[in-house]
Amino acid sequence: MNLLDRTRSVLDRARQLYRGTGHEPRLAEMGERLDEPLRVAIAGRVKAGKSTLLNALVADRLAPTDAGECTRIVTWYQDGHTYQVTAHPRGEQPRQLRFHRDAGAIEVDLNGLAPEKVTSLTVTWPSQALRTATLIDTPGIGSLSDQVAGRAFELLAPEDEETPADAVLYLLRHLHRNDLDFLRAFHDTEVSQPNPVNAIGILSRADEIGVGRLDSVASARRIATRMAADPNVRRVVQTVVPVAGLLAETAATLTESEVAQLRKVAELPVREAESLLLSADRFVQQMPELGLTSIEREALLARFGMYGVRLVISMMRHKVATTATELAAELTDRSGISDLREVLSSLFFERRDVLKSRSALLALDRLTRTEPRSGSEAVAAEVEEIIASAHPFRELQVLSAIRAGWVTGKPDVVAELERLIGGAGAATPLRLGLPADADDPTVAAAAGDALARWQRRAENPLTGHELAIAARVAIRSCEGMLAALQERR
Ligand SMILES: Nc1nc2c(ncn2[C@@H]2O[C@H](COP(=O)(O)OP(=O)(O)OP(=O)(O)O)[C@@H](O)[C@H]2O)c(=O)[nH]1
Ligand SMILES: [Mg+2]
């Protein structure tokens, strides 16, 4: 039986056990959740760029950014057949709300509901991107003590309920102590401790890092690499990816009229254009003869940022990209969003079943502990047995142990181990350090080599205790890869 089936079967057992109690609906929901898209929460400090990143991932301007009372409410964006917004007021029945959209974010009419009385909003929106993952926009965390942060916190690390999110994207602009505290608290202790498996760090607003200079994105990449190597960060997130969400959002929703407006600047003599682009203030105020109102210029800045404006103008001038389509492609490329999509896919989406099972088993574990009844020990034991024996969980445990610095050995050996058990992604070629399109014989040969190598390491009396345990997990991973290849043949 695979992991999802085992999880389903233990959930069924629990449902029979808790039949007729108030927990039955919750257990039914846990079961349904296994078949739903992965739930990915986007969290981080106030104004880190969470809503903008969500829009970039959906390739549509759905989430309101900046002002508005709804940015202080946890909002779920899920795929569906109709366009609909539902409020979940605390202690009351959910109710549908009116909303409108004019060329921008969804504006919800709370219809008299006080934002602090609303636990969450659910926006249902037909969207390909949301079919892969339901995205949860969370209010910014100012400090762990403030009330709004409390709500984001409740969502990610609730005391008494299952974690509503299966995974989290945590936006960091700089490394801040609060961020680490928050992430540590989010990591539960049951499956392994501490646990970076379901969190990815994002160095957000990457274009602003070099104060808008054209090499900003390259600096951001260097900083992200350094952050990801920091042991304190590695303990709480799998990796750190630099992303300029604003560039990606604007690229996905670029209009011809925006391109035409920027072309006016690109067509200026070089010196005049450069002088205009020296600062945001100059860009808004100077050269009234340009034929752009200051409101239009402010709007361009809000959509592109100073870096984006400079980049587009430079690309137009050097004829790197001139049409809206070409510019959108370049902006997307520079934004880092495609890299993030790849990371999401290899670290989260390809591990969907594991992350889903993990959420369900953690919830079940909590239920049997807090609401024991006769027979619940057997369910708890089964949950524990799955967590201890299912190979994907063992991989995640070893991964966490490596990240926490508990598994030691030669750096290249530990790096190979980390990759083999899926640290860089769950796909077989990635695990073996091969290109994604490597053919089956090449993959089989590499898997065979790795298997032999790790068998030797596991049996070598000089191998440290932790590394030997980890080696046995790696051996299982190699055997699994070989078996899957065999099956394909
Ligand atoms: N230059 C630049 N600005 C960005 C980027 N992402 C977001 N912003 C701007 O930063 C401001 C805040 O962005 P939001 O997406 O609303 O940030 P948030 O984290 O959702 O904010 P709260 O929900 O209020 O905590 C807006 O003015 C965005 O335009 C980015 O990648 N680059
Ligand atoms: Mg927001």
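Helices here are DSSP runs of H or I with at least four residues, strands are runs of E with at least two, and both are numbered from the N terminus. On that count, the chain has 22 helices and eleven strands.

Before the details, the ground rules. This is a predicted model: local features need pLDDT of at least 70, side-chain atom pairs count only at pLDDT 80 or more, and totals for chains, interfaces and linings use all residues. Residues are numbered from 1 along each chain as its sequence is written, while chains are lettered from A and ligands numbered from 1 in the order in which they are written.

Start with burial. I call a residue buried if 20 or more other C-beta atoms lie within 10 Å of its own, exposed if 12 or fewer, and partly exposed in between, with C-beta atoms placed from the backbone. Of the 489 residues in the chain, 40% are buried. Now contacts: two residues touch if their C-beta atoms, placed from the backbone, lie within 7 Å. Among contacts with a separation of 6 or more, 72% link residues 24 or more positions apart.

Next, the sheet. Two strands pair if DSSP finds at least two bridges between them. Nine strands form an open sheet with mixed pairing, in the order β4-β3-β7-β2-β8-β1-β9-β10-β11. The edges are β4 (95-97) and β11, each with a single partner strand, so one side of each has no neighbour in the sheet. On average, neighbouring strands are turned by 25 degrees against each other, direction ignored. That angle is taken between N-to-C directions, on a scale from 0 to 180 degrees, with axes as lines fitted to C-alpha atoms.

Look at β1, residues 38-44. Seven of its seven residues are buried. L38, V40, I42 and G44 point one way, and R39, A41 and A43 the other. Why two sets? In a regular strand the side chains alternate between the two faces of the sheet. β1 pairs in the parallel sense with β8 (133-137) over five bridges, and V40 stands opposite L135 there. Five bridges also join β1 to β9 (167-172), again running parallel. There, G44 faces L171.

S204 has V243 as its bridge partner in β11.

Now a helix: α10, residues 256-266. V259, L262 and V265 are buried. Seen down the axis, the buried residues fall within an arc of 105 degrees, so they line one face of α10. That arc is of the directions from the helix axis to the C-beta atoms. The face turned away carries exposed E256, S257 and A260. The cover over the buried residues of α10 includes α11 (270-276), α13 and α14 (324-335).

Finally, ligand 1. Which residues are closest to it? G49, T65, G140, L246 and G305, out of 20 that surround ligand 1. The test is a C-beta atom, placed from the backbone, within 6 Å. α3 (50-58), α9 (245-252) and α13 (294-317) each give two or more residues to this shell. The largest share, three residues, comes from α3.

One loop to end on. T82 sits between β2 (74-78) and β3 (84-89). T82 is exposed, with 7 other C-beta atoms within 10 Å. Its C-alpha atom is 6.5 Å from that of P126, 44 residues apart along the chain.
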